[in-house]
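Hi,

Here is the structure I promised to pass on. Have a look at it first, and then read my notes below.

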Amino acid sequence: MPPFIKVCGQSAPAAAACAAALGARWVGFIFHQGSPRCVTPEQAAAIPTPGVGRVGVFVRQGAGEILEIARQARLDFIQLHGRQTQQDAQAIGPQRVVRVLWPEHCGSPQELQRQIDEWAPYCAYYLLDAGSYGQAGGQGRRLDCSAFAALHFPHPWLLAGGLHAGNLAEVLSQCSPDGLDLNSGVESAPGVKDPALLRAAFAAAGMPQVQPQLLPVHPADLPQMKADMQQAFQLGYEASYGPSETLILPEKDIDYSLGQSGAVAYKAVVNGIMAGCAIVALQPEKSTGHLDFLYVKHGLQGLGIGLALWQMVEARHPEIRRWETCTPYFDRRNIHFYVNLCGFRITEFFHSRHPMPDAPDDFTADGGDGMFAFLKELPQG
């Protein structure tokens, strides 16, 4: 069984959602002002983490302040990353405590073992870190793990310090931690988690690939689906043209799609997260279907969810042999997705002088720059 994974230094909902979708057991929030990843209790509380444990990292705070922040930020575990005492741990509750130890500060493996044993009654987990007192992780330094195999841990333990896809195989050949703490090694900049680096690190740690489940969209899902879809379209447009005050995908366009004849909406669920959705309009009597919308939740791009979602929709409807769809000109990523990955071909380009048939008069989802039309014809079974 692979080690469980904690992704520390969370500061944005998209990064936390990505960690959860990949199968992280924990995410970490740093409450230390000296860290570029520091967040306030209010900021941490606003980041949803369904089904994932929430860990707070504390360096200088005592038990009283830690407990108040834990209440405000909805924390499950407390990582004591400084000089907190065993009395602090007792006041917090040992069952919630992750005690950080620094092997490089120990003169010998025997001294490290002594600290492990000394803290056993006051914590539920250990974390061995390459940093030092007064730092909150994210330093990117690695530990020499060769001596850890001889240590005895009365509780599960995590390894931290410069871990990334390129060194995890070597690290795990030297020791067998119960968990891995990822931080700077999966960032494109301090505090900015990179989905591609996260995905590679999870794979290197032996975690299974993301396997979405296809389910019908329930009416209770619609508010979140619409918000996620609008955000995905908005950010896709702004990535090409810069910030815009115009809402690229109004709710009425989504409602129009949902309300048409033969419309079916599906969601891709990954570890309890609605990771993406597709809306299709089916005409089984003509063996024809139209893919109106397909999106992946912001922060989860690059995990293979979009392709898996489309393949599951296609497999769900073998009676459909001719699929049509379209995508805004501004979202050039979709051309690669539909043509090179999904097997569509471009058939037409709609714009002001060649309008898209059946589109509402006030249709704006193309951002004003037109739409490409795609077609996929499947051989008769």
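**How helix 8 meets helix 9**

Helix 8 crosses helix 9 in a right-handed sense. Please keep in mind that this is a predicted model. On the helix 8 side, the contact is formed by Leu222, Met225, Lys226, Met229 and Gln230, and helix 9 contributes Glu251, Ile254, Asp255 and Leu258. Helix 8 covers residues 222–241 and helix 9 covers residues 251–259; their axes lie 10 Å apart, at an angle of about 120 degrees. Angles from 65 to 115 degrees count as roughly perpendicular and those over 145 as roughly antiparallel, so helix 8 and helix 9 are oblique to each other.

**Helix 1 and helix 7**

The other pair I looked at is helix 1 with helix 7 (residues 195–204), where the axes are again 10 Å apart and the packing angle is about 25 degrees. Because an angle under 35 degrees counts as roughly parallel, helix 1 is roughly parallel to helix 7. This crossing, helix 1 past helix 7, is right-handed. From helix 1, Cys18, Ala19 and Leu22 meet Pro195, Leu198, Arg199 and Phe202 of helix 7. That contact divides into 6 nonpolar residues, no polar ones and 1 charged.

**The nonpolar cores**

Which residues have the most contacts inside the largest nonpolar core? They are Leu159 and Leu300, in a core of 84 residues. Helix 1 (residues 13–22) supplies the largest share of this core, with 7 residues. Setting aside neighbours within four places in sequence, Leu300 contacts Ala17, Cys18, Ala21, Ile273, Ala275 and Ile305.

**One more residue: Pro109**

Pro109 sits in helix 5, which spans residues 109–119. Is Pro109 buried or partly exposed? With a relative accessible area of 42%, Pro109 is partly exposed. Leaving out residues up to four places away in sequence, Pro109 touches Ala147 and Leu151. Pro109 and Ile346 are 237 residues apart in sequence, and their C-alpha atoms are 64 Å apart in space.

Happy to go through any of this with you.

Best wishes

Key:
Residues numbered from 1 in each chain as written. Predicted model: local features only at pLDDT ≥ 70, side-chain atom pairs only at ≥ 80, totals over all residues. Heavy atoms only, no water. Axes fitted to C-alpha atoms, helices over the stretch in contact; angles between N-to-C directions. Helix = DSSP H or I, 4+ residues; strand = E, 2+ residues; numbered from the N terminus. Left-handed = near helix turned anticlockwise from the far one by under 90°. Contact = heavy atoms within 4.5 Å. Core = buried A, V, L, I, M, F, W, Y, C linked by side-chain atoms within 4.5 Å. Buried < 20%, exposed > 50% of the residue type's maximum accessible area, 1.4 Å probe, protein only. Nonpolar A, V, L, I, M, F, W, Y, C, P; charged D, E, K, R; others polar.
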